[in-house]
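I opened my notebook today to get to know a new structure. Come along, and I will jot down each thing I looked up.

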Amino acid sequence: MDTRTQLAEPSPPDPAPPAVPDEPQAVRETLEDYTLRFAPRSYRRWTPMVVATTALGGIAYMADFSIGAGIAMAHGTGNALVAITVAAALIFTTGFPLAYYAARYNIDLDLITRGSGFGYYGSVLTGVIFASFTVIFFALEGAIMAQGLKLGFGLPLWLGYAVSTLMVIPLVIYGMKALSKLQVWTTPIWLLLMVGPLVYLVATDPGTVDSFLSYAGTDGEGSLNTASVLLGAGVCLSLIAQIGEQIDYLRFMPPKTEANRRSWWTAMVMAGPGWVVLGAIKQAIGVFLAVYILSEVGPAAATEPIQQFRGAFDAMMPSWLVVPLAVVLVVISQIKINVTNAYSGSLAWTNSFTRVTKHYPGRMIFVLVNLAFALILMEADMFSFLNSVLGFYSNCAIAWVVTVATDIGVNKYLLKLSPHAPEFRRGMLYAVNPVGVTAFTAASGLSIAMYFHAFGDTVQPYSPVAAVVIASLLTPVMAVVTRGRYYLRRSDDGIPVPLLDDEGNPSAVTYDCHVCRQTFERPDLAACPAHDAVVCSLCLSTDKAGDHVLPAAPPVPLSGA
């Protein structure tokens with residue numbers, strides 16, 4: 001779930017330069033928080049720990065409770081806890097190199113993907129996957145809110161789905177500044193309502209812990225077995241793309257220096273792969289609450305967060321206060337997450353559409369597209385077959401994230417076949433890099449086929465494992481086979497100032513873009529072949545004629561194989 005918000009700032013950063021009358025819409029809309037762009041040093045005024053604290057404050061979604069409960073209902077507490085742990089370990093491992101790269105070079109996951117094995121247009125594939133991630137989890141959170149509205153106000157689910165979708169639109173229109181205020185003011189209330197009931201139940205009724213640990217699942221078996229663990233882990237791994245949202249914060253990290261080295265690394269780990277620790281804890285809480293209310297509501301309703309917290313509140317407060325508080329918790333969580341899901345999804349669709357068509361239609365169009373897709377999923381009762389949807393989706397997400405993480409960790413740092421410095425600008429990259437595209441396509445295609453029993457029932461639970469293994473092996477194999485030829489279309493961007501400074505951080509030297517006449521820092525620009533000037537990355541993306549795009553000049557293949 002997207003947790004993207006404007007960072008809580010100790011001192012306000014410099015505002016974006018005022019727009020000129022004929023400034024392209026794409027430039028105007030992306031200068032507030034440098035969406036679709038490199039995040040410049042002049043904007044990144046926050047300390048590492050401020051970045052980390054803000055990023056972790058956004059993990060408010062309710063889906064974890066449903067995911068954990070759903071796995072436990074199907075396979076028992078023991079299998080669920082092992083599955084949650086296995087998935088968390090893999091998410092942490094793959095998230096680490098991505099988080100480091102984003103924090104070090106101040107670019108988001110789409111820009112990282114372009115230069116890490118996919119190419120300028122090849123990464124459109126993963127952009128669509130990321131957009132789908134926001135759609136699926138918007139629908140999931142919207143369904144949870146509709147369940148709350150039904151319990152609290154008697155609204156039929158179909159109407160609750162519509163309400164949970166439409167109420168987001170006014171908030172998303174105002175972008176990041178509005179979202180930051182929403183997150184800051186609602187987080188303390190959300191934390192109190194979520195943690196309070198759990199602490200109360202464990203303290204006043206220790207027997208609930210024994211019931212939780214001994215629960216065997218709806219089929220009454222519950223003994224530990226590999227198939228159940230892997231099926232459960234596959235559902236949890238659908239959240240692997242959450243690292244993209246964490247990266248939306250990490251790209252605002254300050255330059256890494258000798259003075260801030262310790263706090264920089266701590267914040268990077270906490271705000272990057274460290275998010276999954278909190279996620280795993282919430283999934284385990286979901287199992288606990290589901291088992292606690294199971295005898296009262298049954299296994300189907302036990303996976304609904306509104307029912308979980310209604311049952312928990314009922315044990316600790318007057319009955320007249322139970323339902324209102326449960327509804328408040330669910331509604332706050334849904335709003336906190338889905339305004340940012342809608343925002344992030346709109347950016348992902350816009351990014352892909354702009355690259356393919358070289359036209360920027362405006363972000364609000366894709367806000368509506370994202371919401372329409374999510375509403376269709378909700379009205380189709382996605383919640384009732386939640387684990388199937390997430391289990392299928394996780395294969396695509398795993399293949400993508402593992403491919404990029406392997407390219408960074410192995411191809412860049414070990415084999416040195418992938419360029420170490422980040423590259424995302426049009427003209428500098430090949431349209432498609434067979435390294436990442438081949439590894440991703442093979443890993444996702446074969447694992448999805450396994451998931452749908454194409455190779456028999458016995459191997460079906462192993463589809464997430466197949467996605468991990470194929471992506472992690474094929475990515476370096478393809479780099480060796482191609483000898484790194486398809487990473488860079490050219491190595492010289494025509495600007496004499498080095499891309500990185502003496503400490504390895506992106507250069508803070510500024511230039512004015514010849515097209516939009518805005519000032520940008522060195523990493524966001526490339527020389528213009530038709531003029532004695534430079535052009536920013538987004539203006540290059542929207543250059544239909546290609547007049548400002550540098551011609552191909554294949555570099556010498558990187559060695560290291």
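This is a predicted model: local features need pLDDT of at least 70, side-chain atom pairs count only at pLDDT 80 or more; totals for chains, interfaces and linings use all residues.

As background, rolling a probe the size of a water molecule over the atoms shows where empty space is left.

Entry: I picked the second largest cavity, and its volume comes to about 80 Å³. Which residues are closest to its centre? Out of 13 lining residues, I wrote down Leu36, Arg114, Ser537, Leu538 and Ser541 as the closest. I also checked which helices take part: α5 (109-118), α16 (319-357) and α21 (537-541) each give the lining at least two residues.

**Entry: the chain as a whole.** I counted 21 helices and four strands in the protein chain. Of its 561 residues, 59% are buried. I looked at contacts with a separation of 6 or more, and 81% of them join residues 24 or more positions apart. The accessible surface is about 20,300 Å², and carbon and sulfur atoms hold 67% of that.

**Entry: the cores.** How many residues does the largest nonpolar core have? I found 136, and Leu98, Ile112 and Trp400 have the most contacts inside it. Helix α6 (residues 124-153) contributes the most to this core, with 15 residues. There is also a second, separate core of 21 residues, and I noted Leu525, Val534, Cys536 and Cys539 among them.

I then went back to leucine 98 to list its partners. Leaving out residues up to four places away in sequence, leucine 98 touches Leu109, Ile112, Ile243, Ile247, Val401, Val404, Ala405 and Ile408.

**Entry: helix α13.** I asked which residues of α13 (residues 261-271) are buried, and the list reads Trp264, Ala267, Met268 and Ala271. Why are they on the same side of α13? They cover an arc of only 100 degrees around the axis, so they share one side of α13.

Entry: First I looked up serine 352, which sits in helix α16. Is serine 352 buried or exposed? Its relative accessible area is 6%, under the 20% cut-off, so serine 352 counts as buried. Beyond residues up to four places away in sequence, serine 352 touches Val124, Gly127 and Val128.

Next came alanine 162, in helix α7 (residues 157-166). Setting aside neighbours within four places in sequence, I found alanine 162 in contact with Leu375 and Glu379. I also checked alanine 162 against alanine 146, 16 residues apart along the chain: their C-alpha atoms are separated by 8.6 Å.

Finally, I turned to arginine 483, in the loop between α20 (463-482) and β1 (510-512). Arginine 483 has 44% relative accessibility, so I put it down as partly exposed. Between the C-alpha atoms of arginine 483 and serine 418, the separation is 9.0 Å, although these residues are 65 apart along the chain.

Conventions
Residues are numbered from 1 along each chain as its sequence is written. Side-chain values use heavy atoms; hydrogens and water are left out. Buried means under 20% relative accessible area, exposed over 50%, partly exposed in between (1.4 Å probe, protein chains only). The arc is that of the directions from the helix axis to the C-beta atoms. A nonpolar core is a set of buried Ala, Val, Leu, Ile, Met, Phe, Trp, Tyr and Cys residues joined through side-chain atoms within 4.5 Å. Contact means heavy atoms within 4.5 Å. Accessible areas come from the Shrake-Rupley method with a 1.4 Å probe; for residues, only the protein chains shown count as cover. On a 1 Å grid over the protein atoms alone, a cavity is a set of points where a 1.4 Å probe fits but cannot get out, and a pocket is an open set with protein on both sides within 12 Å along at least five of seven lines; lining residues have an atom within 4 Å of a point. Grid points are joined across faces, edges and corners, and a volume is the space filled by probe spheres set on the points.
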